[in-house]
Amino acid sequence: MGKLYFNYSTMNAGKSTTLLQAAYNYQERGMTTLLLIASFDERAGRGRIGSRIGLTAEADIFRSEDDLFTHVRTAHSDRSLDAVFVDEAQFLTDSQVRQLARVADELNIPVMCYGLRTDFQGKLFPGSAALLALADNLKEIKTICWCGRKATMVARLDQSGRIVAEGKQVVIGGNETYVSLCRNHWTQGDLGK
Ligand SMILES: [Zn+2]
């Protein structure tokens, strides 16, 4: 059986870099991979996974209504897949995580999901909640707070660099930025400046 993996972290911890490196390791050995990334809008077709250090790769875009078991099975019958990688996995729906679990169990293909654990208010994303519940293997990709402790939380900043406490879980096309903090400094709203 394949396994379902969830590699989770805060913002700016290098998730996409880690994903692209892992996918490259498969490709280097002549194996076939399928890369998926969440779409925030109604675009379909090809997308791109980009990392802060400049690595990029083409990926299929998925929307919340897409059946990912069918998507992967179709791709698999086309070009026998050795692994599936999912970026922005926090945006998967509960159903899609179950579909990916079936990819691992029924198609025997490992599925590596990468995403944020919690939002800026410290609440689980739907995809992350389902992955924490269903994944065979959980791994934290670590980064640090300005104080040197492990960062486990994400703060949303407005255009002036102030922490925002209220708002939607996902903002499309806004000017927000995000910073990763340890829980203590996240609770205190202390950006260390
Ligand atoms: Zn701290």
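Predicted model: local features only at pLDDT ≥ 70, side-chain atom pairs only at ≥ 80, totals over all residues.

His185 belongs to helix α5, which covers residues 183-188. Not counting residues up to four places away in sequence, His185 touches Cys145, Cys147, Asp190 and Gly192.

## The annotated binding site

The UniProt record, an unreviewed entry, gives the feature "binding site" at Cys145, Cys147, Cys182 and His185. These positions are spread over 41 residues of sequence, yet they cluster in space, with a largest C-alpha distance of 8.6 Å.

Cys145 is located in the loop between β7 (137-140) and β8. Cys145 counts as buried because it has 22 C-beta neighbours inside 10 Å. When its neighbours within four places in sequence are left aside, Cys145 is in contact with Ala151, Ser180, Leu181, Cys182 and His185.

Leu181 in β10 stands opposite Met153. Strand β8 (residues 153-157) pairs with β10 in the antiparallel sense, over five bridges. In general, the strands of a sheet pair through backbone hydrogen bonds, either parallel or antiparallel. The sheet here is open and has three strands in the order β9-β8-β10, with antiparallel pairing. Its edge strands, each pairing on one side only, are β9 (163-164) and β10 (177-181).

## The annotated active site

Which residue does UniProt list for "active site"? The unreviewed entry names Glu88. Glu88 lies in the loop between β5 (83-87) and α3 (94-106). Not counting residues up to four places away in sequence, Glu88 touches Ile37, Ala38 and Gly115.

The backbone at Glu88 deserves attention. Most residues other than glycine have a negative phi. Phi of Glu88, however, has a positive value, near 55°. Asn108 also has a positive phi, near 60°. Asn108 follows α3 and lies in the loop between α3 and β6.

| Residue | Other C-beta atoms within 10 Å | Class |
|---|---|---|
| Glu88 | 23 | buried |
| Val97 | 26 | buried |
| Asn108 | 11 | exposed |

Why does Asn108 count as exposed? Asn108 has 11 other C-beta atoms within 10 Å, and a residue is exposed if that number is 12 or fewer.

Helix α3 has 13 residues and reaches 18 Å from its first C-alpha to its last, close to the 18 Å expected at 1.5 Å a residue. Its buried residues are Gln96, Val97, Gln99, Leu100, Ala101, Val103 and Ala104. An α-helix has 3.6 residues a turn, so residues three or four places apart point the same way.

Against which elements do the buried residues of α3 pack? They pack against β1 (4-9), α2 (68-78), β5, β6 (111-116) and α4 (126-134). Val97, in helix α3, touches Leu92, Gly127, Ala130, Leu131 and Leu134, not counting residues up to four places away in sequence. Val97 and Ala23 are 74 residues apart in sequence and 20 Å apart in space, C-alpha to C-alpha.

The largest nonpolar core has 51 residues, and Leu35, Leu36, Val84, Phe85, Val111 and Cys113 touch the most other members. Val111 touches Gly2, Leu4, Tyr5, Val84, Val86, Leu100, Val103 and Ala104, not counting residues up to four places away in sequence.

## The protein as a whole

The protein has five helices and ten strands. Its radius of gyration is 17 Å, close to the 16 Å that the globule rule gives for 193 residues, so the protein is as compact as a globular protein of that length. Along the principal axes, the C-alpha atoms fill a box of roughly 55 × 30 × 30 Å.

Of the 193 residues, 38% count as buried. Among contacts with a separation of 6 or more, 74% are accounted for by residues 24 or more positions apart.

Key. Residues numbered from 1 in each chain as written. UniProt positions renumbered as here; feature names shortened; annotations may be inferred. Helix = DSSP H or I, 4+ residues; strand = E, 2+ residues; numbered from the N terminus. Buried ≥ 20, exposed ≤ 12 C-beta atoms within 10 Å, placed from the backbone. Contact = placed C-beta atoms within 7 Å. Core = buried A, V, L, I, M, F, W, Y, C linked by C-beta atoms within 7 Å. Expected span 1.5 Å × (residues − 1). Pairing = 2+ DSSP bridges. Rg over C-alpha atoms; globule rule 2.2 N^0.38 Å.
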